[in-house]
Each structure stands twice: as structure tokens, then as C-alpha cells.
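Here are a few notes to read with the structure open beside you. Take them one at a time and look up each spot as you go.

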Amino acid sequence: MEKPPPPVTPAADPLLALFNEKDVPGITRTILNHLLIFQGRDPERAGRFDIYKALAYTIRDFMVEKWINTQKGYYAKHKKRVYYLSLEFLIGRSLGNSMVNMGFVGKVERALADLGYDLAEIREEEEDAALGNGGLGRLAACFMDSVATMKIPAYGYGINYEYGLFHQKIIDGFQVESPDNWLRFGTPWQFNRSLPMHPVHFYGKVRTTVDDRGRFRSEWVETELVMATACDVLIPGYRNDNVINMRLWQAKASRELDLAFFNQGDYVGAVENKVRSETISKLLYPPDEACAGRELRLKQQYFFVAATFQDIFRRFTKKNKEFSKFSDLVAVQLNDTHPSIAIPELMRIFLDTYGLGWEKAWDITVKTFAYTNHTLMPEALETWPVELMGRVLPRHLEIIYEINQRFLEQVRRQYPGNESKLRAMSLIDDGPPKRVRMANLAIVGSHSVNGVAALHTHLLRTRLFKDFDEFFPGRFNNKTNGITPRRWLLKCNPVLSGRINAEIGEGWVTDLDQLRRLEPLADDPDFQKKFREAKRQNKLRLAGVIRHLCGLEVNPDSLFDVQVKRIHEYKRQLLNLLHVINLYQRLLTNQADDAPPRTVIFAGKAAPGYWRAKLIIKLINAVAAVVNNDPRVGDRLKVVFIPNYGVSLAERIIPAADLSEQISTAGTEASGTGNMKFALNGALTIGTLDGANIEIREEVGEENIFIFGLTAEAAEWEKRAPRRTPRQIYEQNPDVRQVIDAIGGGCFSNGNRQLFAPIADDLLDLGRDPYLNLLDLEDYLRCQAEVGRAYQEPARWTRMAILNVARMGKFSSDRTIREYARDIWGIEVD
């Protein structure tokens, strides 16, 4: 066996010899070196953006040597590798996170000060990487941080989108979308690889032949070709010299120009195919209302899957010539259904490229894949029209039908004569139109299917996929989500994390359970004072952000009541707003004189085609315009909608929150991770018994969280046979009636009764409000009054907040990843 080359040490590189971890002048010289030689900038005339790029390249220089050593270690030890496939990686900014994980913050601050710059200002020059939309992508980013910190041999694979979801502006209260071209100035964090370049095929037809051994073989021919090129983003572990990478694919035309068109003088035709090919990686989540948008989304999913598996086989076949140990060395985790086309793709490679028999190929495939489900709503489970898939990916549709036929034969043997069960479990919905059920495909083709919170997994097993759970005993399991404490406390809240370090040391950064050592300090007056001071500093910082972005002055001593997340009806920003209107009305009639001053903060984006969610944004801003300009209320109540919510904005909002709104209808939120981030930063939760809220209550204690509303089981019963309808609640409760009448009567729309009539009308009709806003409103108002009373007792509130921080150890993504590694991937963690 060939002996691996010795690892590269930093001292072996003359550049890194200058860049010694303890050598601040070396950091300074390296920054200047990048400015002058690589960027062609005069250091005396450089601006903040130039300095940011030079600093980013400097940090990247140091990471790349560690990354090379990490990769060499994988090869030398012949380790099993994990491939985490996700259509989103919402990593935010990389500079601060990289410096924190590598322990460079203090050194870089001094180096920049020597050059006459402030690190905080330089960090603001970085664009958020627009590679995701919401919780799915942020979870994937947290997992990458934990994987690197725990030294698990893994890679993240996705798409290098040129344009993010969109840049959100609020104009006249309405959401207005504009392109989020986050790469317009390039990014220093990516290595753009010219090789490997992988061909990805679309369309065409399937030709069946018989090989020289008499076996039927299929060949996918007459296809259109797109090339996939790689961009690598490095992710450092926390102070452990371990650096992994995400590999993000970018689409390129198979040839720069179609010379046949070019030679005929058709210059437009010559570039048309190039432009169409490269569209695949242009945009995160193209709108799927139109057929072209749906087709592009399917092509995106297959594009990154096909390129990824060529990468996997390139790596695997370096040391292996046959596939009996494939699943012993390769684990593929599907982050939701988006990458589940990988299952027929792996089968296609085994069958058509390497000539394996069906049974052997299928056995390896199932042992290789694991699937994470992220939704409880049947309408959110991804399906594709059979016609579309047959046109774009004809060979894959054939394989899916074969998988389905063989699977249904097994179901038929176990449940003879049960046609309804066959229809429910089939990979094909007979429609019309016929559709491929990607979640069913992912379940059948994976050895593990996990939910992301205890309630979520329970509902998957007993409601959504009950038949599959019975058919595949032991396949379903729970892996409650987690967050990385490096970004979501150490980095985003340096004031509080500094206080914690002073009391219990820094061990909690990689072992979050150590925060339990704060529990004895929950009643300590001195620590309570320091804790409140840290919270107030964060609130002052957020007040400055609100002043800058919204032009509004808010009182930092008011209760900061925060709901920041994707705008969706099931997340119930509307329920929050109903409380705001009720509080406003009570203040005007002197019924809430004992309520503490409150600043209610909203942020989040609505999908461009989701008109109801966009109307809710308009209503939030309309209520804000009335409340914030009413002198009778003054500073006792303010309402804020902060535009263009993203990771960097979250890092400012979350540490400043006093109250975390986690109020989705019970049984609709898979887990949530915002609830964990807020609690870790000392916000108290008001929430329903939904998602991970249940487990947070178990950890922090029911006396340290504010719970209201229907349970998931009760919500289901109320939809079928309500004890009181929304109309009856409206008629019987004058407070509720006054709120709804204000919305429908034009109080927040300059007398225009039509603008918000759809919201007011639907709230009164259970058939049009499946998220049960009025059925939970009365208990929500009661619970909010309890919040107000608790906030007016600073010692009690602070004690509750400290205990929330102290008891969040379970919700570290390190714990989640350890469970994935042990239970699903079969990898030992040191």
C-alpha cells in the first residue's frame, strides 16, 4: 500500500511562517501582502471593503493548510465519510465565525488597529451568503459547524446560487422584492475549482439493449448536457485544527458557445444554450406557479445530486474497485425531500454504469441513504408530475416505477386485498394528474427516517406516515434539532458569553451541558445585575439598528417582544398582531395602565407568490403606523417591522430579545430552532406545545416558560368538532370582537374596509382559518398578561432567564450530530 505523504505543517509554508497565531505583526504583514499583491491596491488608499477582502484572504490562507491536512487524514485512515445533501446552507457571514472558531478575534483586532481600522466596521463590509431561505438552511449550517468541531469526516453539498431568495424592502407597508445578487462583488470565501467538472444530463430518451451476457441494459441517450463546477467553502472546527468544506455546484454550459449557430452567423442562438444552461444555479427557489419554474426546480435538484454522486464515486473508486463495502464507507443524509432524486440516481449508476443486479444495487442504496423529514403538513410534501419527470429525467422515472412495483408487491403480500393501503403507500399518486411522491420515495429508499423533535416524530409515526412506520419497524427515529453555541452565543452575544466565561470558564463552548453550572447563580443578586446589564447593552445595540433601518426610536427599557421568522400563516404572526391591537385598545381606554412598556418586533420574508402572507406584512406595518404615531400611547407601545431579515440581522435581534414568540398552531411546526437561539440568549418563551417547545419546557421547567393554547391532539379535534366556533368567540367576547372589528372596519387602513377584509372574514370562519387563531386567542391574551406581570418583577424575570440559559445544553447541534453519527451514520465520535 502506497505510503501517504507527510502532513503539511504551517511552518513549512513561508507565508504561514509569517502568519503565526501569536504574531500580530505577521497578521498585519499578511493583510498588506494581500492588499498589494493579490488585490493590486495601494494600502494607503485602501478602503474598508479592500481591508475586509484582504483580511478574509488572510484567514482563508490559514484555514486551507488545516483543510488539506484534514483531507489527508481521511484518506490515510480510510474513514467512512458522510455526505450531507441540502438545497440550502444559510451560513450568513463567514469572517466573524471563522475568527471565533480559530481563536483569532483578539489578534485581528490588534492587527487592524495597527492599520487604523476597527474590526466591527470591517465585519460590516461582508455580505450574507444568500444560500438559503430559513430554518432548513440554517440547521444545515449549524450541522456543518458541529461536524467540523467534532472531527466527523463529512462534506456538505448544495448549489452556489448567484441570487438569493430576494432582497426585501418595505414600501408603503408592502413587501417589495428585488434581486439579492450577493455575489456581485465576488466572495473571498470560495475556492472556484476548474476541475473536477462533471457532466449532468437532462431530457433525451432511454434505449434498451441486451449485453453480451444476455442481460437487459438501459442507456440514457440524446440528452442535453450541463456542466457542474465546484466552489468550496471552508468551515473550521472550534480551535481543533480541523477544517471541512461545503462543496457548492455552479452550472456551466457544456461549451462556451454553440459553434454551429456561431458559424451560421446566428450569434443570439450561439449564446442561448449557454444562458439557459447556467440558469440552473442562478436563483434560490425559482417561483413554481408557472410550469417553467417547476421544471427549473426539478433540474436544480437533480443537477446538484448528479454532480455530487460523480464526486462521491470519484473519491470512492480511488481506493475501491468493487462496491460491496460502499455503504460501509459512504453515508448520505438527505436534508428533506429536495435531494431524494438521489435514490434513483444511485440506482441508475449501479445498474447502467457498473452493471450491478437490481437486488444488490437496491440493498447498497438503502444502506447508504438516510432521510430527514422537516414538515408535518401533507400539502408541503414534495411531489412532481409524472409527465414532467418523464420528460426531464426519463431514466429516473423508469427506475422509480420499478422501485414502486417491487415495493407494492411486498405491501400486497403483507396486506392482501387492502387496496386503500396500496394507494396510500404507493410512490405514485394516480391523480389526476399522476405525481411522484418524493417523501414516499425517500422513506422506501432509506434505512433511517428521522423527525426533528419528539412531537414531530410522534406525529410522523402516528399520522402522516403511519402505514410506513408499521411496515418498516425501527426505521423511524427522532433526532431533535440543535444550534451551534459558537455562533449563537459566543459570537453573536459577546457581552453575555463574556459574563458566562468569567463565572464558569469556556468549556461550555464545546460542551453546552456545562451551562448547568450557572444554576446556582440564578438567585445571586450580583450575577443577576451583570446578566441584566448584558441584556440592556444588547437592547441598546438593537435600538440603534431599528433607528437606522426603520427611523423609529424605541425605549430600551421596554419589554422587547420578538417574533422573527419566515412569514407564514401557520407561524401565526397574525395571532401576535391580534394581541398588539388588543393591548393598544386597552391602553387607549386605561385598562392596561399596569402593563409594562412593550416594543413588539417583527421580521421575516413572505414568499413572493404568497399573497396572504404579504397581506399580513402590510397589516403589521399598518398597525405600526397607527400605534407609533398615537401620542396617547407614547413609549408604552411600539410596533416594528425590520426589513430584509437574515442571519446577520438575527445575530443582533436575538441577544436583545426579552420575550420569544413561538406561537405556531400545535401540530404544524416540525421543530423550530429560533426557539432554542432565543432561550440560549436569555429570552423567555411564550409558545404553544408545538415542535421543540415541548422539549424546551421539559428542560427549563414549566415555571420558566409561558405556555398557552391547544395541544396538537386538541387542535385536530377542534377542526372536526369545535366546542366554540370562531364566530361564537367573536360574539361572546367583547375584546375579541373589538379587535376583529378594528381590522375589518378600516381602523388601520384609513377607512378602507376592503383592504384587510379577507383577514377579518377568514378569522371568523373555521373553514378558512385552519390555524385556529381565534380558538387560541383568549388563552394567548391571558398568557401575555402573565408575561407583563412577570416582567415587572426584575429579580423573578432575571432568574427565569438565567435558568433558561443554564438548561439549554440539550439543544446544542453537537448533541444532535453525535446522535446522527452514532445511530444513523455508524461513525464513532471521539
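Where is the place of Pro 432? Keep that question in mind for the first point, and remember throughout that this is a predicted model.

1. Start with that proline. Pro 432 sits in the loop that runs between β13 (428-429) and β14 (435-437).

2. Now step along to the next residue. The bond from Pro 432 to Pro 433 is cis as well, this time with omega near -10 degrees. Pro 433 also belongs to the loop between β13 and β14.

3. Next, have a look at some backbone angles. His 78 is not a glycine, yet its phi is positive, near 55 degrees. You'll find His 78 in the loop between α3 (48-77) and β1 (81-85). Is His 78 buried, exposed or partly exposed? Its relative accessibility is 38%, so His 78 counts as partly exposed, given that this class runs between the 20% and 50% cut-offs.

4. With a relative accessible area of 42%, Lys 151 is partly exposed.

5. On to a helix. Helix α23 covers residues 573-588, which makes 16 residues. From its first C-alpha to its last, α23 reaches 23 Å, close to the 22 Å expected at 1.5 Å a residue. How many of the residues of α23 are buried? The count is 14 of 16, so α23 is mostly covered, with buried meaning under 20% relative accessible area.

6. Just after α23 comes Asn 590, which takes a positive phi of about 60 degrees. For context, most residues other than glycine have a negative phi.

7. Finish at the surface. Which residues form a nonpolar patch there? They are Leu 36, Ile 37 and Phe 38, and together they have about 360 Å² of accessible area. Ile 37 lies in helix α2, residues 24-38. Ile 37 has a relative accessible area of 58%, so it is exposed, because exposed means over 50%.

Conventions:
Residues are numbered from 1 along each chain as its sequence is written. This is a predicted model: local features need pLDDT of at least 70, side-chain atom pairs count only at pLDDT 80 or more; totals for chains, interfaces and linings use all residues. Side-chain values use heavy atoms; hydrogens and water are left out. Helices (H or I, at least four residues) and strands (E, at least two) are DSSP runs, numbered from the N terminus. The expected span of a helix is 1.5 Å times one less than its number of residues. Buried means under 20% relative accessible area, exposed over 50%, partly exposed in between (1.4 Å probe, protein chains only). Patches are made of residues with over 30% relative accessible area and no salt bridge: like charges are joined within 9 Å, nonpolar side chains (Val, Leu, Ile, Met, Phe, Trp, Tyr) within 5 Å. Accessible areas come from the Shrake-Rupley method with a 1.4 Å probe; for residues, only the protein chains shown count as cover. A salt bridge is a side-chain nitrogen of Lys or Arg within 4 Å of a carboxyl oxygen of Asp or Glu.
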